[in-house]
Structure formats: structure tokens, C-alpha cells
Amino acid sequence: MIRPTDCVIVGAGPAGLAASMALVARGIDHVVLERGQAGETWRTQRWNSLRLNNPGWMNPMLGSQPRDTYLSAAEVVARLVQLASNAPVREHTPVVEVVRRGDAWTVRTRDAELHARTVVLASGGENMPLIPALARHLPERIAQRHAASYRAPDQLPDGAVLVVGSAQSGYQISEELLRAGRRVYLAASPVGRAPARHRGRNTVEWLAECGFFDQRADDLGDRSVISAPQPLIAPGGRSASLQTLARSGATLLGRLLSVDGDRMMFASDLASTVAIADAYAARIRAVLDDAIARTGRQLPPAEPDEADAPVCLNPPTQLRLRAHDITSVLWCTGYRADFSWLDPTLVDQDGRPRHDGTAAPVPRLWYVGLRWRTRRSSGNFLGFPADAATVANAVVSTLETGRSLN
């Protein structure tokens with residue numbers, strides 16, 4: 001009879017490696033299965049110049065780094081590889097099925113079958129590129145890429161670039177294209193933004209101090225925040241806004257509605273999209289002002305922020321690609337997760353795992369690395385270790401209970 005391992009972790013990205021470190025610290029026998037190489041998504045779905053938009057102090061699991069550094073994608077990968085070297089990782093071992101067998105689990109890969117007393121799923125919630133169906137209607141001469149396969153401006157043919165989507169990827173890539181001298185048309189999407197600094201201090205430091213990243217879903221007045229894109233902030237502690245991109249030379253457009261051969265149609269919603277972002281920044285400042293007032297500290301007023309400065313908005317609602325020399329379309333339209341190998345009863349109609357905190361709705365199965373599992377920070381480097389510790393403690397408790405019954 002094959003002796004089952006205590007735990008199988010699916011995924012050797014940052015969340016899976018955080019889970020592995022937590023299990024190692026508790027002396028739990030386990031194995032980490034990775035479809036490619038450690039940090040696969042960071043290796044294969046990030047552009048060359050990408051930098052984290054959260055400073056070094058927010059990424060403790062990635063090791064020692066200056067407090068205010070902003071790691072590049074390559075630096076993140078190097079640090080993940082170092083973490084994986086101290087973990088029981090099996091690379092190039094994609095999981096094809098996870099099946100419950102009584103009080104344990106069978107984890108099938110392409111070449112083997114593992115038996116585990118517990119399973120931790122850390123395969124990521126955003127690694128399958130989403131491209132709108134209307135992309136199929138673009139002329140064949142137009143080069144198309146998703147942010148996942150974009151690497152650098154010289155990868156695109158000469159000519160103007162239409163970037164669709166203005167969340168973190170769309171914003172950073174638009175900035176890079178503008179710096180490279182490319183003409184950029186940006187079809188904007190409603191995304192909140194945060195000021196980089198407020199009253200003499202880095203905004204994310206204020207937010208951490210007042211418990212913003214520890215907020216739980218039940219604390220939210222508006223639960224739509226859970227599925228909304230992450231608020232926009234630029235690497236290096238710079239404020240980011242659509243106005244900033246416009247002043248840098250980008251032509252802002254409303255949401256892309258349709259494609260009819262050479263003609264693209266856009267919504268008349270740019271003003272409201274900008275207003276949504278500005279309102280979010282104002283709410284962040286109000287939250288911080290309230291927190292500061294409760295401390296009784298006397299601080300200077302908020303400093304002027306160039307990102308707030310208005311620009312004239314008169315976007316066209318249609319473009320002829322050839323007339324504007326647009327030769328490339330870059331889809332910065334987000335990602336989804338692939339849980340097709342998981343029991344269909346464990347996911348909802350949108351393919352997202354059902355859960356209660358970090359736990360699945362069945363025994364001995366947990367998640368790490370998905371957004372809002374326990375708190376706002378669950379889906380990023382700041383929150384991975386805490387959620388991993390929660391799951392590791394649950395694994396230990398479950399194993400000890402099981403052994404006491406044998």
C-alpha cells in the first residue's frame with residue numbers, strides 16, 4: 001500500500017512557496033507540484049520592465065531588501081527560485097485532477113498519482129489571459145498581444161498602439177510605450193487610484209497603519225470591492241492617473257464597444273471613468289484624514305498631487321485604424337484562474353473556488369494566494385505568509401486529529 005504524504009501543495013508561485021515555508025516550519029511532510037518552473041507565471045506572463053508597485057517592506061517573504069525598493073519582475077523570479085531551492089518542489093508536473101477519496105485526496109498529474117492526507121491549492125487566481133471575443137474581428141494586419149505575452153515596445157511593429165484596459169498592466173505598459181516614443185491610444189476602464197503620498201508620508205504606509213490591508217470582506221460596506229481591480233498606484237511611490245498619461249501624450253478613449261473591420265467604436269464614458277478614479281483617491285485621503293484625526297497628531301495639510309490636475313477630455317467615439325496608423329492592439333484586459341481540474345462542485349458558476357476563508361467547503365482542502373480569502377492582503381506578497389500560516393496550522397490540527405483517531 002502506498003503511504004500518502006501529509007500534504008500536497010499545488011503551485012510553486014509565491015503563495016505555494018509561502019505555504020511550503022509554513023509547513024516546513026511545522027515539520028509537515030509535503031510536496032509542491034508545479035506545472036512549469038518555480039514562479040512560472042512570473043517568468044512567462046510579465047513584461048521586461050515591470051516593477052512591483054508595492055515597496056520592499058510589503059514583500060517580507062521575498063527576503064531582505066531596502067525598505068523603499070521596488071523589485072523588477074526578474075528580481076522577483078530570482079527570489080522565488082531561491083525560495084524554491086529550499087522547498088520540496090517537483091517542477092514540470094502539471095496537476096490534471098484532484099479527487100477526494102474518503103478522508104484523503106488523490107492528486108493526479110500527467111505521469112503519476114499521489115495520495116495526500118491534505119491538499120493546499122496555490123495555483124493562482126489570475127494566470128489565464130482574458131481577451132474579448134471582439135478581438136476576432138480585427139483585421140489580420142493588426143498585431144495583437146495580451147499583456148501576458150508582451151515583453152517590450154520593440155516587440156510590436158512600427159506605428160501607433162491601441163492599449164485596451166487601464167488597470168495596473170495597461171497603465172505601466174502605456175507609460176513604457178510613451179517613453180519609447182510610441183503613439184498610444186488608451187481605451188480606459190473604471191479603476192480606482194490611490195495617491196502616492198498624503199500629508200508627508202507614503203500612502204501605503206498610512207494605509208497599513210490604519211488597518212486597510214487587514215480589512216475582511218465582512219467589514220466592507222460595498223462588497224463589489226472584492227471583484228474590482230486593484231487600485232492604481234505607480235512603482236516608485238508615484239501617483240498614477242489617466243490625467244497623467246494624457247499629459248504624457250496618450251490619447252484617452254472610452255471603453256471599447258465594438259470592432260467592425262478597420263473601425264473601432266468606443267463608449268462616451270471617459271469622463272465618468274476619470275471621475276471614478278478621482279473619487280476613489282478622495283476616499284483614500286478621507287480615510288487617512290479620519291485615522292490621523294483619531295491619533296491627535298498635528299500634521300501638515302495634504303500636498304498638491306499632479307495626478308489630480310484636470311485635463312481637457314474630448315475623446316473620439318470611433319477610430320479608423322489605418323487613418324491613425326494603429327498597427328498593434330495590446331489587450332490589458334485581465335486574467336482568470338483555471339480550476340478545470342478541480343471537482344465542479346467546488347467552484348461557482350464563474351469558475352471561482354467556493355470557500356469559507358482559506359478552507360474549501362469539504363474537509364482537508366485549503367486555498368492560499370486568492371484574493372480576499374481572509375483579508376484584503378490575501379492576494380499579494382504582504383498577505384501570503386499570514387494566510388499560509390493559517391492554512392498550515394489547520395493542516396497540523398487536521399493531521400493530529402486524524403492520528404489520534406487511528
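Colleague: Where does Ala87 lie?
Modeller: Ala87 sits in the loop between helix H3 (73-84) and strand S3 (89-90). Helices (H or I, at least four residues) and strands (E, at least two) are DSSP runs, numbered from the N terminus. This is a predicted model, where local features need pLDDT of at least 70, side-chain atom pairs count only at pLDDT 80 or more, and totals for chains, interfaces and linings use all residues. Residues are numbered from 1 along each chain as its sequence is written, and side-chain values use heavy atoms, with hydrogens and water left out.

Colleague: Is Ala87 buried or exposed?
Modeller: Ala87 is buried, because its relative accessible area is 17%. Buried means under 20% relative accessible area, exposed over 50%, partly exposed in between (1.4 Å probe, protein chains only).

Colleague: Which residues is Ala87 in contact with, leaving aside neighbours within four places in sequence?
Modeller: Leu17 and Ser20. Contact means heavy atoms within 4.5 Å.

Colleague: And how far apart in space are Ala87 and Gly170?
Modeller: They are 34 Å apart, C-alpha to C-alpha. In sequence, 83 residues separate Ala87 and Gly170.

Colleague: Switching to Gln37. Where is Gln37 found?
Modeller: In the loop between strand S2 (30-33) and helix H2 (40-44). Gln37 counts as partly exposed, because its relative accessibility is 32%.

Colleague: What is Gln37 in contact with, its neighbours within four places aside?
Modeller: Arg43, Glu91 and His92. Gln37 and Glu91 are 54 residues apart in sequence, yet 5.3 Å apart in space between C-alpha atoms.

Colleague: Now the rings. How many aromatic pairs does the structure hold?
Modeller: Four. Phe212 and Phe213 form one that is edge-to-face, at 5.4 Å centre to centre and 85° between the planes. Rings of Phe, Tyr and Trp (its six-membered ring) pair if their centres lie within 6.5 Å; planes under 30 degrees apart count as stacked, over 60 as edge-to-face and the rest as tilted.

Colleague: Are Phe212 and Phe213 buried or exposed?
Modeller: Phe212 is buried at 14% relative accessibility. Phe213 is buried too, at 11%.

Colleague: What about Phe381 and Phe384?
Modeller: Phe381 and Phe384 form an edge-to-face pair, 5.8 Å between centres and 70° between planes. Phe381 is buried, with a relative accessible area of 6%. Phe384 is buried as well, with 6%.

Colleague: Which residues do ring pairs link into a cluster?
Modeller: Trp42, Phe381 and Phe384.

Colleague: On to the open sheet of three strands. What is its order?
Modeller: S14-S15-S16, with antiparallel pairing. Strands S14 (256-260) and S16 (318-320) stand at the edges with a single partner strand each, so one side of each has no neighbour in the sheet. Neighbouring strands are turned by 20° against each other on average, direction ignored. Those angles use axes that are lines fitted to C-alpha atoms, for helices over the stretch in contact, and run from 0 to 180 degrees between N-to-C directions.

Colleague: How many bridges pair S14 and S15?
Modeller: Four, in the antiparallel sense, with S15 spanning residues 263-266. Two strands pair if DSSP finds at least two bridges between them. In S15, Arg263 is the bridge partner of Asp260.

Colleague: Last one, the whole chain. How many helices and strands?
Modeller: Eight helices and 19 strands. Of the 406 residues, 50% count as buried. The C-alpha atoms fill a box of roughly 70 × 60 × 35 Å along the principal axes. Among contacts between residues at least 6 apart in sequence, 70% join residues at least 24 apart.
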